[in-house]
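Hi,

Here is the structure I promised to pass on. Have a look at it first, and my notes on what turned up follow below.

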Amino acid sequence: MNFDPVVVKKDFPLLEREVNGKPLVYLDSANTSQKPRQVIDAMSRFMETSYAPINRSAYQLAAESTDAFEAARAAVRRFINAPKVHEVVFTKNATEALNLVAHSWGSANLRAGDVVVLTHMEHHANIVPWHMLATERGLKLRWVPLTADGQLDLTTLPELLDGAKIFAFTAMSNVLGTLTPVKQLVDAAHAAGAIAIVDGCQYVPHNPTDVQAWGADFLAFSSHKLCGPSGIGVLWGREALLDAMPPFLGGGNMIADVRLDGFTCAELPAKFEAGTPPITEAVGMHAAISYLSSLGMDNVREHEVEVTAYAIDKLKARYGDDITIHGPTDPALRGATLSFKFKDIHPHDVSQVLDQANVCVRAGHHCAKPLMKLLGANATARASFYIYNSTADADALADALANAGDLFGF
Amino acid sequence: MPGLEDLYREIILDHYRTPRNQGELPPPAVRAEGHNPLCGDEIQVYLDVQDGIVTDIKIGGQGCSISQSSASMMSAAVKGKPVAEIRNLVRRFKNMMSIEEEDGNAPPLDESRPLGDLEALRGVVKFPVRIKCATLAWNTLLDGLDQSN
């Protein structure tokens with residue numbers, strides 16, 4: 001028995017808000033998700049009762065704070081089925097997590113002429129760090145192409161991976177919604193002797209995640225897309241890999257010893273957590289993970305398949321060829337993120353008209369310019385659904401789009 | 001709440017549907033390029049500047065109705081005008097968009113001439129997210145004028 005999104009929505013105070021006397025239709029969760037009362041309360045309660053420095057003070061309050069922070073780490077481990085708690089490193093966000101791997105693993109292991117393989121559907125966060133490293137070290141980047149319906153074209157994958165040191169790819173496209181065959185990609189990377197880095201930013205908030213079943217080497221994701229606060233993200237990595245990597249940022253907490261002539265690193269995970277971390281945010285992320293887990297990630301996925309199927313059918317039935325939805329049309333192959341082109345109206349104008357009906361969608365290049373170039377568009381409009389979105393929100397989107405057609409007279 | 005009619009005035013939609021001065025100019029015309037990193041809009045402004053006068057202007061690129069119509073209206077407003085007058089017009093336009101003067105020592109604005117069609121873009125100010133769309137062409141024009149010096 002699945003959950004009712006209308007009931008779930010009542011947990012999200014912001015979604016109760018009206019703007020200009022009308023309810024909000026929030027369809028921008030691929031950008032960032034809204035926060036349930038449970039997360040807001042957990043963070044407030046923590047700051048009111050238990051906030052203190054972690055890992056460095058002997059008093060009881062500091063011990064409580066440290067326990068809360070470490071409980072969040074343990075919750076993340078369970079959420080992604082990581083083998084060990086200390087493999088979970090807290091970062092600022094998924095972007096920082098990917099930069100950490102590129103900078104730290106990359107600087108220790110990559111030399112001029114080495115190959116990094118990416119895909120054509122990556123977010124800038126999984127492109128630019130590699131460009132930076134490629135410029136610095138003389139690396140070669142190779143790109144896995146896409147099929148016409150926005151899936152990875154794997155026909156040349158063995159050749160692309162030949163001699164590669166890294167294969168870094170998204171588990172779900174933030175533009176197309178496409179789910180990638182993560183296990184297959186990880187196996188292909190390993191067969192070629194490369195490590196597999198998974199960008200889970202879009203995938204983890206919406207699907208059951210099991211890094212051991214994937215066999216992946218690294219996974220990056222953010223809290224703010226899974227109903228938690230912004231300001232905290234996760235890098236999970238295999239212990240042996242993390243152990244062999246040099247530190248990323250230097251400072252307090254990440255050291256075992258500092259002398260005038262050098263320093264010694266702390267053990268995992270502190271080695272990669274320089275400075276005071278986002279403590280309250282970790283507590284909030286823990287509450288978010290508990291919230292999602294209570295719904296059940298299988299149920300979250302099932303709900304999103306349903307709402308995606310409904311939205312695609314609705315939009316196609318009403319607008320036919322006037323609307324182009326990018327990416328796979330089969331909901332089994334995609335998440336609930338729908339990028340679309342509507343008539344010849346620019347996405348910025350589409351989103352402006354939708355805003356009049358409080359329908360919140362993203363318009364732009366979605367930080368994926370190489371993919372946009374492939375789509376032949378500078379921008380798309382993107383509606384993304386989550387646990388609090390029902391089929392009524394898809395109806396509201398379809399209704400509001402009619403106004404755009406009327407206004408521009410196309 | 002401001003209504004869409006404040007933003008999408010008929011004259012704006014007219015310039016959007018039928019943009020003026022579209023195309024390219026061959027060298028030695030100046031070519032300037034502008035990007036709106038938020039939405040991915042791109043614009044190219046080509047300028048022929050002779051004896052301190054913009055004798056021809058062409059606009060290329062893609063964008064939303066506001067950025068495209070603003071570029072179209074701009075091209076019509078500056079063609080055949082002296083550079084000094086155009087620089088004054090750019091300042092007036094940005095002023096209308098509620099953008100602070102960058103140069104605190106700039107000479108006083110000459111507001112003696114009517115803005116004409118450009119007045120239609122005044123409503124953009126009520127939609128702050130779109131101000132960058134409206135000013136993209138103008139900033140690119142400034143870049144082109146600087147290059148032509």
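In chain A, 70% of the contacts between residues at least 6 apart in sequence join residues at least 24 apart. Keep in mind that this is a predicted model. Chain A has 14 helices and 17 strands. Its radius of gyration is 22 Å, close to the 22 Å that the globule rule gives for 410 residues, so chain A is as compact as a globular protein of that length. Along the principal axes, the C-alpha atoms of chain A fill a box of roughly 70 × 55 × 35 Å. Of its 410 residues, 56% count as buried. Chain A exposes about 15700 Å², and carbon and sulfur atoms supply 53% of that area.

Now for a strand in chain A that I liked. β14(A) pairs with β13(A) (residues 323-325) in the antiparallel sense over 3 bridges, and here Ile325(A) stands opposite Phe340(A). β14(A) also pairs with β17(A) (residues 380-384), again antiparallel, over 4 bridges. In that pairing Thr337(A) stands opposite Ser384(A).

Helix α12(A) is mostly covered too, with 9 of its 10 residues buried. Among them are Pro347(A), His348(A), Asp349(A) and Gln352(A), along with Val350(A), Val353(A) and Leu354(A). After the helix comes Asn358(A), which has a positive phi, near 60 degrees.

α12(A) turns up again when you look at chain B. In helix α2(B), residues 10-17, the buried residues are Ile12(B), Leu13(B), His15(B) and Tyr16(B). Seen down the axis of α2(B), they fall within an arc of 160 degrees, so they line one face of the helix.

β1(B) runs antiparallel to β2(B) (residues 41-50), and 7 bridges join the two.

Last, the cysteines. How many disulfides does the structure hold over all chains? The count is 0. Cys201(A) is in no disulfide, and the nearest cysteine sulfur, that of Cys367(A), is 11 Å away. Cys201(A) counts as buried, at 13% relative accessibility. In chain B, the cysteine sulfur closest to that of Cys133(B) belongs to Cys64(B), 3.9 Å away, which is too far for a bond; the cut-off for a disulfide is a pair of sulfur atoms within 2.5 Å. Cys133(B) is also buried, with a relative accessible area of 1%.

Cheers

Key:
Residues are numbered from 1 along each chain as its sequence is written. Chains are lettered from A and ligands numbered from 1 in the order in which they are written. This is a predicted model: local features need pLDDT of at least 70, side-chain atom pairs count only at pLDDT 80 or more; totals for chains, interfaces and linings use all residues. Side-chain values use heavy atoms; hydrogens and water are left out. Buried means under 20% relative accessible area, exposed over 50%, partly exposed in between (1.4 Å probe, protein chains only). The arc is that of the directions from the helix axis to the C-beta atoms. The radius of gyration is taken over C-alpha atoms; the globule rule is 2.2 Å times the number of residues to the power 0.38. Contact means heavy atoms within 4.5 Å. Accessible areas come from the Shrake-Rupley method with a 1.4 Å probe; for residues, only the protein chains shown count as cover. Two strands pair if DSSP finds at least two bridges between them.
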